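Hello,

Here is the structure I promised to pass on. Please open it first, then read the notes below.

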Amino acid sequence: MMRALIFNPFERISETKLLLIGITSMLVGATLGYLFNARYDGVFDLHFEKNTSYFNALLDILISVSTTCILLLAVGKYTNSKTRLIDIFNACSMAKIPFYVLTLFNINNWIYYSSEKLVESLQHNLMKMPSLSEFVPVLLFSMLTILGLVLSALLLFNGYKVATNAKGTKSIGLFVVALFLAEIFSKIIISYLN
């Protein structure tokens, strides 16, 4: 039961509750982005900066969710004319939640500064191994990010599958193409607006 709620809440929770959770999580995500200097500048992206505004964090979320939503709705309607916007939006908004949780690791810009130190260390001396204090935080965070990425992709695909009643390789292929295009378009729009 708990596993189903984490990986596929779309079959167990009503679309109205999912909509409320999705919108709330986007606002919470923007707040966390502001507090922990995170940018969600793509469909599956999370980067830390020295300073981030609430507006930039929220704009990143709105652009990446809406771009993904528009493209998944288009391919969803192509394969199943009964695909509904609310179901696709719920999948797109819920899929961002793992990235919001990951921002908590940047308390006091910990990941940002650890990454900066690691890059600086590697730039100064490629032959020398970075110290454990430079390497371990970035490695641990990278592993957690991979888990977050997998969970996000699973949420998005499971939501898409439920919304479109997707079956077969054609639906999966269209899903992958839509995500690829959403990543490109969201990055272009975000970089243009910043």
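A pocket here is an open set of points on a 1 Å grid over the protein atoms alone, where a 1.4 Å probe fits, with protein on both sides within 12 Å along at least five of seven lines. Lining residues have an atom within 4 Å of a point. Points are joined across faces, edges and corners, and a volume is the space filled by probe spheres set on them.

The model is predicted: local features need pLDDT of at least 70, side-chain atom pairs count only at pLDDT 80 or more, and totals for chains, interfaces and linings use all residues. Numbering starts from 1 along each chain as its sequence is written, and side-chain values use heavy atoms, without hydrogens or water.

The largest pocket has a volume of about 230 Å³. It is lined by 14 residues, and Ile6, Ile97, Pro98, Leu151 and Leu155 are the closest to its centre. Two or more lining residues come from each of α1 (2–7), α5 (97–102) and α7 (132–164). Helices are DSSP runs of H or I, at least four residues, and strands are runs of E, at least two, numbered from the N terminus. α7 gives the largest share, five residues. The lining has 13 nonpolar residues (Ala, Val, Leu, Ile, Met, Phe, Trp, Tyr, Cys, Pro), one polar (the others, Gly among them) and no charged (Asp, Glu, Lys, Arg).

Two asparagines

Asparagine 37 is not a glycine, yet has a positive phi of about 55°. It sits in the loop between α2 (15–35) and β1 (38–39). Asparagine 108 is exposed (over 50%), at 71%.

Best wishes

Key
Buried means under 20% relative accessible area, exposed over 50%, partly exposed in between (1.4 Å probe, protein chains only).
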